[in-house]
Structure formats: structure tokens, C-alpha cells
Amino acid sequence: MTPPLPGTVEVCETPASLAERAAAWVAERAATATASGAGFAIALAGGSTPRALYQHLAAPPYRDTLDWSRWSVYIGDERAAPPDDPESNYRLGRETLLDHVPIPAGQVHRMEAERPDLDAAAAAYSALLEATLPPGPAGAPRLDCVLLGIGTDGHTASLFPGTPALDVTDAWATRGLATYEPFDRITVTFPLIDGAAAVAFLVTGESKRSALAGVIAGTVPASRVRPTHGELHWFLDAVAAGG
């Protein structure tokens, strides 16, 4: 028998139903956090799969019922591009979610990946994470939720196979290097991801099946996501799950 993916696995029939279910999952965690008077800190994923999730959160009922004033938003990784560039993950989050809900501007923290010195920009984001988030049980700044995707090569965020970013343990964000354009990136690190209260992967399509097999086998970067004091949740569509 093939061993399972780590954590909780939820299979949805279609990408649309996956986005709807994942939005409900995020909203539940946000509502629980803010009901106790605390904030809700989330790191958004880029790419095409999260788009529909963000659109669900930006529409009723979530738009009208969640306490957006207590949200703090971070970016899991960013391409070396201005914030209005079509390649920008921040732009994706802004156009699909942030422009439509009343999160205070000072609580939205984008990566300044358009800066010429990406190492300095990554160090600044690492410092920002430490300054604006409480420390968690493992010592890393504690995010309430991290959203992730997975590439066909098993990368997640901008933690690509064979790159130095995989082994960074002394920073919460670092410079990343992709295997396709745009190559230059900033990414959060595994210690930051694994220190979160909840981590969710959103995975759709047949092309991701081999990457999921690599997670099970422990041979791809995404397999290194193992929250030390939190939950790991996989949202797969039926095609990605492949039965």
C-alpha cells in the first residue's frame, strides 16, 4: 500500500470546489482567532491555484462577516518584479482579495522584490516577520496560516530543488532562485513555514501527481514542510489525487 501524504488530506471533485472548501477552511481559522480578540496572520501563496480561493474570501458571506481589521497579510514568496507587474504575487493577492476587503494598509506586508539588492530585501523581510509576529513554540515568528502550492518539480513557495534557500535555517526569508523565468525571487524559509499554526497546500491537475509522489517519498522540497506545532492540510482536486 502506498503511504499517505503527511497531515490531513481532503479531495475535492473540481478546482472550483477545492477553492470553495479551502476558503471556508481559512475563514474558519480566521474567525476562531479573531473571536478571542487576537489577530489573524496569514501568508498568501502566488500562482494560479489560489486565485479562486481569494475571490471567494472577497465575496459574501466572508467579505461581510470576517473581522478584516484584525488580519495581517504576508507574502510567501515573490518574483523580482515591481508590485504592479503581472508576475507579482502581491499584485495577484491585491487584485483578487486585498482591494475588496477592509484590511488596514499598515497590516499588509509585501516583499519589496523590485529592489536591486535582493539579499538586502530578503533580510529586511526576515526582520519584519520577526518584528511583527509573536514567537511560536519553536522560536520562529508564528503565522496563523500559510498557504502553499506545489510545482511539478516539487518546489513550494520559491524553495526550488538544489538551491541554497532549502538549507537556510538562520533567517525567516531569503533569496530564492527559480528554474524558470523570472529566476530571481524572495521566499520564506522552512523554519518560518514549519513554525506556523496551520499550513495548507492547494494542488490541482494531473501534472502535480509526480510531485505528490515525491512528497510521499521525501524526495522533493515540499516534503520538508512538517509543522512542528501546527496542522498540515492538503486540498487536492480529484485529478491531482488520481484515485
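Which strands does H1 lie across? H1 lies across S1, S2, S3, strand S6 (145-148), strand S9 (198-203) and strand S10 (231-237). The helix runs at about 155° to S10. Axes here are lines fitted to C-alpha atoms, for helices over the stretch in contact, and angles run from 0 to 180 degrees between N-to-C directions. Helices (H or I, at least four residues) and strands (E, at least two) are DSSP runs, numbered from the N terminus.

The model is predicted: local features need pLDDT of at least 70, side-chain atom pairs count only at pLDDT 80 or more, and totals for chains, interfaces and linings use all residues. Residues are numbered from 1 along each chain as its sequence is written, and side-chain values use heavy atoms, with hydrogens and water left out.

**The parallel sheet**

Seven strands make an open sheet in the order S1-S10-S9-S6-S2-S3-S5, with parallel pairing. Its edge strands are S1 (8-12) and S5 (108-109), and each pairs on one side only. Two strands pair if DSSP finds at least two bridges between them. S2 (residues 40-44) and S3 (residues 71-75) are joined in the parallel sense over 5 bridges. Leu44 stands opposite Ile75 in S3.

**The core**

The largest nonpolar core has 77 residues, of which Leu57, Trp71 and Leu147 touch the most other members. Helix H1 (residues 15-35) gives the most to this core, with 8 residues. A nonpolar core is a set of buried Ala, Val, Leu, Ile, Met, Phe, Trp, Tyr and Cys residues joined through side-chain atoms within 4.5 Å. Buried means under 20% relative accessible area, exposed over 50%, and partly exposed in between (1.4 Å probe, protein chains only). Leu147 touches, among others, Trp25, Val26, Ile42, Leu44 and Ala200, not counting residues up to four places away in sequence. Contact means heavy atoms within 4.5 Å.

**The antiparallel sheet**

An open sheet of 3 strands has the order S4-S8-S7, with antiparallel pairing. S4 and S7 stand at its edges with a single partner strand each, so one side of each has no neighbour in the sheet. Neighbouring strands are turned by 25° against each other on average, direction ignored. Helix H5 (residues 118-132) packs on this sheet, touching S7 and S8, and its direction makes about 145° with that of S7.

| Strand pair | Sense | Bridges |
|---|---|---|
| S4 and S8 | antiparallel | 3 bridges |
| S7 and S8 | antiparallel | 5 bridges |

S7 and S8 form a hairpin with 6 residues between them. Arg185 in S8 stands opposite Arg79 and opposite Gly176. In S8 (residues 184-188), 4 of the 5 residues are buried, so the strand is largely enclosed by the rest of the structure.

The largest pocket has a volume of about 370 Å³. Of its 24 lining residues, the closest to the centre are Gly46, Gly47, Gly149, Ile150 and His155. S4 (77-79) and S6 each supply at least two residues of the lining. On a 1 Å grid over the protein atoms alone, a pocket is an open set of points where a 1.4 Å probe fits, with protein on both sides within 12 Å along at least five of seven lines; lining residues have an atom within 4 Å of a point. Volume is the space filled by probe spheres set on the points, which are joined across faces, edges and corners.

Ser88 lies in the loop between S4 and helix H4 (89-96). At 3% relative accessibility, Ser88 counts as buried. Ser88 touches Glu78, Pro82 and Pro83, not counting residues up to four places away in sequence. Ser88 and Ala113 are 25 residues apart in sequence and 9.0 Å apart in space, C-alpha to C-alpha.
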